[in-house]
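Colleague: I would like to learn how to read a model like this one, feature by feature, with the general idea given before the case.

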Amino acid sequence: MKILINAIDPEECRVAMLDDAGHLEEYYTDSSLRELSLGNIYKGVIQNIEPSLQAAFINYGNDRNGFLQIGDIHPEYFQEEPSGRNLDLKKMLKKGQPVLVQVQKEPSEIKGAALTTYISLAGRFVVLTPGRDHVGVSRKIENDKERSRLRKIADELPVPEGCGYIVRTVAEGRSHKELAADLFQVFNLWEDIRFQAKEAQAPSLIYREQDLAVKILRDHLTPAVKEILVDDPDTCLKVRD
């Protein structure tokens, strides 16, 4: 497999992934003409509560409020424990209440961004999931022997308090030491985010997702990739790092 990164154009970055025969497998673009927020984490504030929609609208600093459905609200934000099927959202949440949210779908011309309080932080080999205690292995790893090996490592790694994590597909063949180091690094990032969120005023940006070239390597760089070609010197330095 080969990865081509076309970043010389200041207005847009393009990444193509080719198979061994040179055929296009995946293609990604990222425009600098509009600021993307997918994956960003914000300290927002509840602007409106809509019981009929079972959702809240969050001011997170964008021109349009974000949309937060009840299923994406962690119980730690509830002012009152829900009881039964008839959920009274106005009792469970409070207007003006601060919430830490992550963008899971970009805003459109007619809709605000879809938000969640269930944060996900991707490292090289693991995805940290604060607020969820599940530990798992990517379903894309199809080799049963390798899945069992990684599952054993995952069960042995210390689980950060209040967090779960998923071992990623790119962790195939990696050692206990490598996974432990990656988990430690991502957890430290989460600790920094929590600290900044406590100090910051709402609404404000707390964490910005990495740019396209770095994100693609983080998510797709495996031993199957034999070559990476980059046409921009500054981006090339990022890729090497």
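Colleague: Which are the buried residues of helix 2?

Modeller: A word on the basis before the answer: this is a predicted model, in which local features need pLDDT of at least 70 and side-chain atom pairs count only at pLDDT 80 or more, while totals for chains, interfaces and linings use all residues. Residues are numbered from 1 along each chain as its sequence is written, and side-chain values use heavy atoms, with hydrogens and water left out. Buried means under 20% relative accessible area, exposed over 50% and partly exposed in between, with a 1.4 Å probe and protein chains only. Helices (H or I, at least four residues) and strands (E, at least two) are DSSP runs, numbered from the N terminus. In helix 2, the buried residues are Glu146, Leu150, Ile153 and Ala154. They lie on the same side of helix 2, because they cover an arc of only 100° around the axis, the arc being that of the directions from the helix axis to the C-beta atoms.

Colleague: Which exposed residues does the face of helix 2 turned away from its buried side carry?

Modeller: That face carries Asp144, Lys145, Lys152 and Asp155.

Colleague: Where is asparagine 143 found?

Modeller: Asparagine 143 is in the loop between strand 11 (135-137) and helix 2, and its relative accessible area of 43% makes it partly exposed. Its C-alpha atom is separated by 9.5 Å from that of glutamate 172, although the two are 29 residues apart along the chain.

Colleague: How many aromatic pairs does the count come to?

Modeller: A pair of aromatic rings is described by the distance of the centres and the angle of the planes. Rings of Phe, Tyr and Trp (its six-membered ring) pair if their centres lie within 6.5 Å, and planes under 30 degrees apart count as stacked, over 60 as edge-to-face and the rest as tilted. The count comes to 2 aromatic pairs. Among them, tyrosine 42 and tyrosine 60 are edge-to-face, at 4.9 Å centre to centre with 70° between the planes. Tyrosine 42 lies in strand 4 (residues 41-50) and tyrosine 60 in the loop between strand 5 (55-59) and strand 6 (66-69), so the pair ties together parts that are 18 residues apart in sequence. Both tyrosine 42 and tyrosine 60 are buried.

Colleague: What is the phi of glutamine 54?

Modeller: Glutamine 54 has a positive phi of about 50° although it is not a glycine. This residue sits in the loop between strand 4 and strand 5, and at 25% relative accessibility glutamine 54 counts as partly exposed.

Colleague: Which residues does a cis peptide bond join?

Modeller: The bond joins alanine 202 and proline 203, with omega about 0°. Proline 203 is placed in the loop between helix 3 (176-199) and strand 13 (204-207).

Colleague: How many helices and strands are there in the protein chain?

Modeller: The protein chain has 5 helices and 14 strands. Of its 241 residues, 39% count as buried, and its C-alpha trace spans about 60 × 45 × 30 Å along the principal axes.
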